Every structure is written in C-alpha cells, then in structure tokens.
Amino acid sequence: MRILLIVGGGIAAYKACELIRLLRKLGHGVRCVLTEGGSHFVTPMTLAALSEDQVFTTLWDLKDEAEMGHIQLSRQATLIVVAPATADLIARMAAGLSNDLATTLLLATDKPVLCVPAMNVRMWQHPATVRNVAQLRADGIIVLEPDEGPMACGEFGPGRLPEPQAIVAAIEAATATTASLAGKHILVTAGPTHEPIDPVRYIANRSSGRQGFAIAAALASRGARVTLVAGPVSLTTPAGVDRVDVQSALDMAAAVDAALPVDAAVMVAAVADWRVEAIPQKVKKGTAPPTLTLVENPDILATLASSSRRPALLIGFAAETENVVDHAIAKRSRKGCDWLVANDVSGDVFGGGENTVHLVTDAGVESWTRLPKEEVAARLADRIAETLS
Ligand code: C5P
C-alpha cells in the first residue's frame, strides 16, 4: 500500500519518523508532505532518508505543479495520513481551506484520509477544535482519539499522538480489504536469479523484486496463504507472507516444486534463461580470458503449465521493450499460462515504483495506464479473487 503522510507542525512530528520506519518495515511505500510548521520540528532530509523518497514541502514548486503535483500525490496514494494533525491544520481542513500543499491536496483528494491529532490538552478540548473534529468526521475523515498522559508542554490529559504501532493498526483497519482470497494458497515468484560462474562470481539481472513483492502483499491482505519464492533482493517480507529465499534458477525451480499444490501461481521472477556450466574453483586471472559454457535453465513457468500439478490459474510475466503486446500474446501461448502480464520495461521500470502493464487473457488484451506497482498488484489481486471465487 502507498501512504501519503502529511507531517504537521507539532513536537510529535518526531514520532512520524518512527511511523515511517514501521510502515517501511511492513513493506508499505511512504511519501511525505511536510508542512511549513512541520519543518521546524523535523527536516525534509530526515523524512526523505526514512521514506527513501522525495519529500514535498511547497505548492509553489514549479516543476511539480507543471505535472499537477498536488493531484498526482493524491492519485498515487492508497490512503492519506495526517500525523501529527495540529489544531491549526484540523481547523483549515474543516474549513476547506487550500492555502498550502497539505490542505490543497486534502481538498483535491478522493482517497480515504486518516487524521491523527496531537496538541495541548486545552487546545484539544477547546470548543473550536471539538467543532472542527466533528466537522471532519461528518466529512468522512477518520479522526483518531489522541492518547492521554503527560505532555511535552508539562500538562496532563488527552492530546498526545497515539503510539506509532497504534497508528499503523488504524492504517491497516482503514485500508482493510475483504478477505476475498481466504482459503486460497497462492505461489508468487519474484526478483532476479543469480547464476554462479564460480564460487565468488555470478550472472544477474536488474529485477528489483518490487512488483512481485507488492503482488504477494496484495494477495496476503486479501486473506490468501502466500508462498513467496524470492531471488536475491533487498526487500522486507510483506506481512503475513511465507518467504523462501533462493539464489539460482535451479533453486527457484526446486522451491516452486516444494510449494505445490497451489490454487494459483503468479510467476513474476526474472529467471535467468542460462546458467554457467559448473566451475568448482575460483577462475584465476590468466593470460587468456576464460570461456563460459552456458547451459539452458528449466523454464519453471512452462514446466508448471504442462505438469499434472498445474494450478487452476497460472499467470506469467514478461518484460518487453518493443512490440510489447504482440510478444506477450505469443509468449502466453508458448508458455501455456492462463494470463500473461506484459510490462513495458523500456523506461525506468526496473527498480522504479511504477509499471505500465498489458494483461493478456483468453478474452483479449487489456492495457492499464502507468500505475504505482502497488496499484498494479491490487488490481491483479482483485482479478485473481474474482476468477478463483
Ligand atoms: O521467457 P521469459 O523469460 O520472457 O518469460 C518470462 C516468464 O516466464 C515469467 O513469468 C518468468 O517468471 C517465467 N520464467 C520461468 N523460468 C524461466 C524463465 C522464465 O518461470 N527459466
């Protein structure tokens, strides 16, 4: 899931840092908007480092506005979280003002909004704030109750930002999807494979595993039991997913075989087509360059498609740089899978956050617009749920 986190100007802004860390650990994408007030408590650099993403601070950034930045920010998000939401930010939201980036995108969004207030107890209990919070709730915004306890200002009472774990739980509850895949076991392969040349070297490819991991997360959040066979990637395991780490294509084939039977398999991994014939010792620098003899790897997807343990729904992926759709149609019949998802990797898809895909099925070809990988995953997971039900 992709969280757009608006960090307002209160001392609790430091807790937003911990919130980002927790969300990232759970495999969620976080993009931050820092208000002017917020920037007095935490720096854009801190939020950028923790979220591993650009931080947005101003409505008047010409580059972003040429691309309608405030609309884009909302479009890319699954949920908008305002934490800490100060009394002033809440008042401006309740009044429908749009006098900075945060309030403008909050006014422009059609995504769910979770507001996490933090302020002095008297400000929280002031009739104006009570009125504003009631207005936000009437507008469909989820407003968490602040925690009670000693406050940074030395007073005691309700007004403290809830602990980051509690905010994460509220985020998960706000985005909970129906358990449309409960009782289904789904296999996902993701990432590259590393094919050893000798004990210290290998052949690899540029797959980051992000799309496959997002699909595993989307399936698990819909109640599926997910086995994720992952090549060498540096990604955290999505919540509720059983992960099996592998290195080479042969390891991946064995791990896939061990996971069967499954109801569906989504083969997203960029498996190396070739491996190097075994060289038991490190290749020494010599006078002549060594010759590598390549041997074909098993096609895991095609093997599964023709096996007696073929799942009810078998989905392949294809990375293409030209004639994307034609190649995808041909590949679907060659591999014998039910659906083939073709990604156009001519741009910055490898390692990037977005993907342009074409879904090839019996019914024809559907071309999806460029979407965040999490959104591609969510749509695909919904289609899988429809098909398996
Ligand atoms: O032939 P190509 O590598 O383009 O096919 C991509 C699809 O086939 C992906 O779904 C990938 O996971 C799968 N594949 C496989 N085993 C291989 C090569 C590709 O499962 N050896």
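Select Arg2 and Glu374 and zoom in: the two form a salt bridge, with their closest N and O atoms 3.2 Å apart. (A salt bridge here is a side-chain nitrogen of Lys or Arg within 4 Å of a carboxyl oxygen of Asp or Glu.) Between domain 1 and domain 2, the count is one salt bridge.

A quick note on what you're looking at: this is a predicted model, where local features need pLDDT of at least 70 and side-chain atom pairs count only at pLDDT 80 or more, while totals for chains, interfaces and linings use all residues. Residues are numbered from 1 along each chain as its sequence is written, and side-chain values use heavy atoms, leaving out hydrogens and water.

Next, color residues 2–174 as domain 1 and 185–388 as domain 2; these bounds come from an automatic or database domain assignment. Their C-alpha centres lie 36 Å apart.

Now show where the domains meet. Six residues of domain 1 are in contact with nine of domain 2, contact meaning heavy atoms within 4.5 Å. About 520 Å² is buried between the domains, 45% of it from carbon and sulfur atoms. That area is the accessible area (1.4 Å probe) that the two parts lose on being put together, summed over both. Select Arg2, Leu26 and Gln76: in domain 1 they lose the most area to domain 2, together 66% of what that side buries.
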